[in-house]
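Welcome! Take a look at the protein below, and then let us walk through it together, from the whole chain down to a few single residues.

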Amino acid sequence: MSQLTHYTTNFEKRTFPIILVSDQVSNAPNIGSLFRICDAFGVEKIIFCGENIPVFGRKMTKTSRATEKVVPFEIKEDIHPVISKLQADNYTIISLEITENSQSIHTIDFSKLEKIALVIGDENFGVNPETIYESDIVTHIDMFGQNSSMNVVQATNIVLYEITRQRILAN
C-alpha cells in the first residue's frame, strides 16, 4: 500500500455554504493554517476582520502551503458591518466561544442550517462581546482537562470537521 500525494488522492472536491469570519486573529502562522483548513473543509470564503492582518508574507505562506491562492478571502477592518451583511444574506451566525449560555458542538444540528458564518476570535481574548451578542448561536467544544481554551486554529478544525461531517451524513 503506497501513500497518496496531493495529485493522486481521489477526494471529491466540494464547497460548502460556510464562511469563516476571523475576528482579530493576527498571528501569521495561524492565518496560514486557517487558509489550509478552509481549503481542506471546502469553506467558501474567509473574511479577516481587524487591522494589520498579515495575509501575505513568509510566515503565513509557510503554513498555508499555497492555499491562500485557492481560498477566496476578504479583509475588513470592522466586523459589525460584516455580520450585518451576512445576516441579511441569510447566514446563521455561529460564534465559537465559551460563555455561560454557549452550547456544545455536539448538541447542534448543523445539517439543518442552510448557510453558516462561523466566527472565531482573537488568539488571546476570543470573540468580542458585541459579536457574541449579534450571534444566532454561540457554541463551544467540550474540554476535559485543566485548561479552558485551545489554539484558535485547532478549535476551528474541530468545529469545521463537525459541521461538514453532519452535512455529508445528512445527504
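## The chain as a whole

In the protein chain, 84% of the contacts with a separation of 6 or more are between residues 24 or more positions apart; contact here means heavy atoms within 4.5 Å. This is a predicted model, in which local features need pLDDT of at least 70 and side-chain atom pairs count only at pLDDT 80 or more, while totals for chains, interfaces and linings use all residues. Residues are numbered from 1 along each chain as its sequence is written, and side-chain values use heavy atoms, leaving out hydrogens and water.

The protein chain holds five helices and seven strands. Read from the N terminus, the order is β-α-β-α-β-α-β-β-β-α-β-α. Both kinds of element are DSSP runs numbered from the N terminus: helices are H or I with at least four residues, and strands are E with at least two.

How does the size fit a globule? For 171 residues, a compact globule would have a radius of gyration near 16 Å, and the chain agrees because it has 16 Å. That radius is taken over C-alpha atoms, and the globule rule is 2.2 Å times the number of residues to the power 0.38. The C-alpha trace spans about 50 × 40 × 40 Å along its principal axes.

Of the 171 residues, 44% count as buried. Buried means under 20% relative accessible area, exposed means over 50%, and partly exposed lies in between (1.4 Å probe, protein chains only).

## Rings that meet

How many aromatic pairs does a search of the whole structure find? The search finds four. Rings of Phe, Tyr and Trp (its six-membered ring) pair if their centres lie within 6.5 Å; planes under 30 degrees apart count as stacked, over 60 as edge-to-face and the rest as tilted.

| Pair | Centre to centre | Angle between planes | Kind |
|---|---|---|---|
| F35 and F48 | 5.5 Å | 55 degrees | tilted |
| F35 and F73 | 5.2 Å | 80 degrees | edge-to-face |

F35 lies in helix 1 (residues 28-40) and F48 in strand 2 (residues 43-49), so their pair ties together parts 13 residues apart in sequence. F73 belongs to strand 3 (residues 73-76), so its pair with F35 in helix 1 links parts 38 residues apart in sequence. Together, F35, F48 and F73 form one aromatic cluster.

Y91 sits in the loop between helix 3 (79-88) and strand 4 (92-96). With 9% relative accessibility, Y91 counts as buried. Apart from its neighbours within four places in sequence, Y91 is in contact with P17, I19, E44, L86, K115, I116, A117 and D136. I116 is 25 residues from Y91 along the chain, yet their C-alpha atoms are separated by 5.1 Å.

## Two positive phi angles

Most residues other than glycine have a negative phi. N52, which is not glycine, has a positive phi near 55 degrees. N52 lies in the loop between strand 2 and helix 2 (58-64) and is exposed, at 72% relative accessibility. R65, also not a glycine, has a positive phi of about 50 degrees. R65 is in the loop between helix 2 and strand 3, and at 48% relative accessibility R65 is partly exposed.
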